[in-house]
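The report that follows takes up a few selected regions of the model shown here, moving from a sheet and its packing to an interface and a helix pair.

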Amino acid sequence: MTEKKIKHPAFVIWNQLKKNKIAVIGLIIVSLYVFCAIFAPYISPYDPTKQNLAESFQSPNVRHLLGCDDFGRDILSRIIWGARISLLIQLSSVVLALIIGILLGALGGYYGGKIDEVIMRFMDILLAFPGMLLALAIVAMLGPSLRNLIIAIGVYSVPQFARITRGAVLAVRANEYIVGAKAIGESDAAIILRYVLPNALSPIIVQTTLRMATVLLTASGLGFLGLGVQPPNPEWGTMLSSARMYLRAAPHVAIFPGLAIMITVLGFNFLGDGLQDALNPRLKE
Amino acid sequence: MEPLLEVRDLATYFYTDEGTVKALDGVSFSIGQGEILGLVGETGCGKSVTATSIMGLIPSPPGKIVQGSILFNGRELLSLSEQQMRHIRGKDIAMIFQDPASSLNPVLRVGFQVAEAIWAHTGTPIRKGILRAAELFGLVNIPDPQKTVNRYPHQLSGGMKQRVMIAMALSLNPKLLIADEPTTALDVSIQAQILSLIKRLQRDYGSSVLLISHDLGVISTMAHRVAVMYSGLIVEQGRVEDLFQDPLHPYTKGLLAAIPRVDEDKDELAVIEGTLPNPTDPPSGCRFHPRCSLATDACKIERPPLKAVKPAHEVACHVYAR
Amino acid sequence: MSTLVSTEGLCKYFPIGRGIVRSKPIGWVRAVDGVSFSIDAGKTLGLVGESGSGKSTTGLLLLGLLEPSAGSIIFDGRPIDEFLKDNPKQFRRRVQVVFQNPFASLNPRMTVRDIVGRGMKLHGLAESEKELTEKVAALLVEVGLREEHLNRYPHEFSGGQRQRIAIARALALNPEFIVLDEPTSALDVSVQAQILNLLKKLQRLRGLTYLFISHNLAVVRHISNNVAVMYLGKIMESSPKGELFSQPLHPYTQALLSSIPKISFPPEDIETKVIEGDIPSPVSPPSGCPFNPRCRKAADICREIMPDFREVKAGHWVACHLV
C-alpha cells in the first residue's frame with residue numbers, strides 16, 4: 001500500500017508562510033524587535049537614561065547613529081530599550097487578556113444559553129467604548145504607572161479574544177468527535193480543554209499576533225498622552241510626546257520613535273495576516 | 001451516424017505540492033446522438049474531472065489538459081478560446097451538479113437566474129426570460145411555476161432546487177447534458193422523480209446525456225451504455241445490459257459483488273482487497289494489478305489497452321488480450 | 001432471546017423561537033413522535049428513514065445524550081434516566097456510538113492511541129500506560145489496522161481507515177450495544193463492503209447488539225435482522241428483515257422499495273415508480289397520517305386521524321388505516 005508521505009503540520013504551515021513575501025518581512029521585523037528587546041543591555045551603545053546636556057539635539061552622526069534628544073541621551077539606545085518596555089507591556093497585557101478572554105469565550109461558546117448571553121452582553125458593554133477611551137479611562141482611574149497600563153490594555157483587549165474563542169468553539173462543537181467524547185463519559189471540563197480548545201487555536205493565534213500591534217499602538221498612544229510609562233523611561237510613545245515641542249528645530253527626535261512604532265506595528269500586522277492565510281487551508285482538512 | 005461527442009486519449013493532470021495527480025490518463029469514449037452514457041467509478045477515478053475537462057472548466061493552475069482531443073459535433077473543443085467555449089457552455093453543452101444548493105446564487109430569485117442564463121446566450125431581455133423560466137418550471141413539474149419564479153433558493157427543497165437546475169440546463173436546448181451525481185444529495189423518495197424527469201426530457205428533446213454516478217443501480221436504470229473508470233482510466237465499456245450481466249474486468253466484477261442489493265439477500269459482501277491507489281503515485285502497468293487476484297507479471301509492467309472483446313464491449317485487461 | 005434495549009412511546013420535541021429570557025416557544029419540531037421498538041441481544045435493528053425522519057435523533061436519545069420529551073427507554077431492564085443518574089459510568093461503558101462522517105468523528109489533535117484509549121483511561125480499564133498501549137494495539141489489529149498506526153494522527157488516514165479507528169474506539173470499553181449512525185454512507189462502495197463485513201464479524205465474535213441507522217435500504221437489508229421504517233418522527237412499519245423486503249405492508253415502504261433504482265434486466269421503467277411530492281418539514285407535519293399527501297391509496301380517514309401502530313402479523317407492526 002503506497003501511503004502518502006505526511007509532513008508535520010508545523011512544517012507545512014512554515015512552507016505556506018515562506019511563500020508570502022509580506023509575511024516574511026513581518027516576521028523579520030518582529031524578530032528584530034524581539035531581539036532588541038531581549039538583548040538590549042548588550043547591544044545598546046549607551047545608557048538610555050544617561051544625560052549629557054552638552055550633546056543635546058545632536059543630529060545623527062558617527063558617534064550617535066540616530067542623534068541625541070533634548071537631554072543629550074542617545075536616541076538609538078533609547079529606541080532599543082524602548083523595544084524592551086513595549087514588548088513587556090505587550091506580552092503582559094496580551095497574556096492577561098488571553099487568559100480571561102479564552103475562559104469567557106470557551107464557557108460561553110460551549111454552554112450557550114444564559115451563560116453565553118450574559119458573557120456576551122458584558123463583552124458588548126466593553127466593546128461599546130471606543131478602545132482607546134476605555135484604556136484611557138481605566139488608567140486615569142487607577143493612576144498612571146506601568147502596572148496600571150498593563151491592566152488597562154489587558155482589560156480592553158478581552159472582548160476580542162472572547163469573541164474569537166467563542167466563534168471557534170462553536171465551530172468545533174458541531175463536530176461529531178465532541179459527541180463521541182460525551183459518549184465515553186468525558187467531563188465538560190475535559191472536553192473543553194482536550195477536545196475543543198486545541199482545535200480552536202488557529203484563529204486565537206492569528207488574533208494574538210494582530211492584537212500585539214494594536215496594543216503597541218495603544219500603549220504608545222497612552223504614553224504620548226502622558227498616561228502611560230512616565231519619563232525618563234524610554235517608551236516610544238512617551239519619547240514622541242517629549243519631542244513634540246522640538247518638532248521644527250530637531251525633527252529627528254520625534255521621527256525615530258515614530259518610525260519605530262510604525263514599523264513594528266506594520267511588522268505584526270504583516271505577520272498576523274500571513275499567519276491567517278497560512279493557517280486557513282489547514283482548517284479545511 | 002457520427003457521434004455527438006468523441007473523446008480520444010484525454011489526459012488531465014493537476015500539479016500540486018504533493019506531486020502530480022494524473023486525474024485522467026488517456027481516456028477515450030464517445031456519446032451518440034440521443035444516447036445516455038453512464039460514467040461509473042469510486043472516489044478519485046476521474047469521472048468528475050472528465051466532465052469538467054469537457055466543459056473546459058479545469059482550474060489552471062494547478063490543472064492542465066496535457067493531451068487528447070474532445071470533438072463535439074466535429075469541432076475540437078481543446079483548440080477553442082475561452083470566449084468560444086463560453087458560447088458553447090450552457091447552450092450546446094449544459095451541466096447539472098450534485099449539490100444544487102451551491103450552484104444557485106442564494107441572493108437572487110430562481111426565475112431571474114434562469115432568465116440571466118438565457119440572456120447571456122441569446123440576448124433575450126430578462127422579463128421575457130422569466131416568462132420562459134415559468135414555462136420551463138412547468139415542464140420540469142415544479143408546482144405553481146408562476147409563483148416559484150419569484151422564490152429564492154433557500155425557500156425551495158432539495159428536489160425543487162435540482163429541478164430548477166435542470167430547467168436552467170435545458171433552457172437553451174443543449175445537445176449534450178452532463179449530469180454529475182444529480183441525485184446523490186437528494187432523499188431516496190425524491191431520486192426517482194429527478195431520474196424520471198431526466199429520462200423524459202432526454203426523450204422529448206433528443207439530447208444526449210453523460211450521466212456520472214457511483215450508484216450502479218442508477219446507471220443501470222438510466223443509461224444505454226456505461227464506462228467503468230478506475231484511477232483515471234476506463235477499464236470497461238459497453239452496453240448496460242452486457243456489462244452488468246456479463247462483466248469482464250476484474251474490477252467491475254469486484255464492484256458488482258461488493259454492493260449490497262435491495263432486491264436480494266447476500267450472505268457475505270465480496271471484498272476487493274487493498275485500497276484505492278495514491279493518485280500521485282499510481283501502480284505501474286495495469287493500475288488495478290495490486291488488488292487483482294488474476295494479476296500476472298505482464299500486468300505489473302504493461303498497461304493494457306482498451307480493446308473490444310465482444311461486439312460493442314471493450315475491456316482493458318491482459319486476461320482478455322490475445 | 002432476551003431484549004436488551006427497548007423504547008415505548010419515545011418523543012423528542014425541540015422548541016422553536018425561544019426568546020432571550022423567559023418567552024414561550026412559538027412552535028415545536030416533533031423530531032421523534034411516539035417511537036416504540038425493541039432490540040434483542042446480539043441482533044441488529046436497522047432504522048431506515050429520509051431527512052426529517054428523526055432517525056438520528058432517536059440514536060442520540062438511545063445513547064442518553066438527549067433527554068426525551070416523553071416516553072421511556074429501557075436498557076437491560078432498567079430505564080436509562082435512572083441508569084444515568086445512579087451509575088453513569090457503567091452506562092457509558094455498555095453503550096457506544098459510531099458516526100457517519102469519518103472526517104469529523106475523530107479529534108484531529110489526538111493520536112490514534114489516545115483516541116482509542118481515552119475511554120479506557122477514563123474508566124480505569126488499564127493499569128499502566130504500557131498496558132493501555134498494548135490493549136489499543138490489540139484493538140487496532142482486530143479492526144484491520146496495524147500497530148504502527150498507534151502514534152499517527154487522523155488526517156493521515158483514508159475515510160475507511162478512520163471508520164475503523166472509530167469502531168476500535170467504540171469497542172475499547174467492551175460495550176454490549178452500539179448505535180451506528182450512517183457508518184458507511186460517506187465511504188466508497190468497495191470500502192463500504194469491508195466495513196460492513198467487519199461489523200458483522202465483530203457482532204458474531206463479541207455478541208454485540210446494533211442499532212444501525214441508515215437511509216440506504218440495500219445496506220440495511222444486508223446487515224439487519226429486523227427493520228423499522230421511520231417517516232417524520234414516527235415508525236411506519238417494522239418487521240423482521242425478510243418480511244419487510246418481500247412483503248412490505250405500508251404504502252411508504254412499498255413505494256420506497258419500488259422507486260429505488262435497481263440493477264435488473266430488462267431495466268425497470270423508473271417513470272412508473274415515482275413518489276410524488278416532497279418530504280414535509282417536521283415543523284409543520286400533515287394532519288393525520290404523515291405520509292397521506294404523497295400516498296396513492298390515501299383515503300379520507302388518512303387525512304384526519306393518525307393510524308395506530310399495530311401488530312398485524314407476528315412481529316410485523318404497521319401504522320396504516322388500510323392494512
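## The sheet of chain B

In this predicted model, L71(B) has E76(B), a residue of β5(B), as its bridge partner. Strand β4(B), residues 63-72, is joined to β5(B) by two bridges, and the two strands run antiparallel. They belong to an open sheet of four strands, with antiparallel pairing, whose order in chain B is β2-β1-β4-β5. The edges of this sheet are formed by β2(B), residues 19-31, and β5(B), residues 75-76; each has a single partner strand, so that one side of each is left without a neighbour in the sheet.

Helix α1(B), residues 47-55, packs on the sheet, where it touches β1(B), residues 5-16, as well as β2(B) and β4(B). The direction of α1(B) makes about 75 degrees with that of β2(B).

## The contact between chains B and C

On the side of chain B, 39 residues are in contact with 33 residues of chain C. The elements of chain B that give two or more residues to this side are α8 (188-205), α9 (216-222), α10 (240-245) and α11 (250-258), and the largest share, eight residues, comes from α8(B). By residue class, the side of chain B that touches chain C divides into 15 nonpolar, 13 polar and 11 charged residues.

Within α11(B), the residues P250(B), Y251(B), T252(B), G254(B), L255(B) and A258(B) are buried. Against what do the buried residues of α11(B) pack? Their surroundings include β9(B), residues 225-230, β10(B), residues 233-239, and α10(B), together with α7(C), residues 189-206, from chain C.

## A helix pair in chain A

Two packed helices are described by the angle between their axes and the distance between the axes. For α6(A), residues 146-173, and α8(A), residues 188-224, the angle is about 155 degrees and the axes are 9 Å apart. An angle over 145 degrees counts as roughly antiparallel, and α6(A) and α8(A) are therefore roughly antiparallel to each other. The crossing in which α6(A) passes α8(A) is right-handed.

The residues that make this contact include, from α6(A), L149(A), I153(A), F161(A), I164(A) and R173(A), and, from α8(A), V196(A), N199(A), I204(A), R211(A) and L222(A). Taken by class, the residues of the contact of α6(A) with α8(A) divide into 14 nonpolar, six polar and two charged.

Conventions. Residues numbered from 1 in each chain as written. Chains lettered and ligands numbered in written order. Predicted model: local features only at pLDDT ≥ 70, side-chain atom pairs only at ≥ 80, totals over all residues. Contact = placed C-beta atoms within 7 Å. Nonpolar A, V, L, I, M, F, W, Y, C, P; charged D, E, K, R; others polar. Pairing = 2+ DSSP bridges. Axes fitted to C-alpha atoms, helices over the stretch in contact; angles between N-to-C directions. Buried ≥ 20, exposed ≤ 12 C-beta atoms within 10 Å, placed from the backbone. Parallel < 35°, antiparallel > 145°, perpendicular 65-115°, else oblique. Left-handed = near helix turned anticlockwise from the far one by under 90°.
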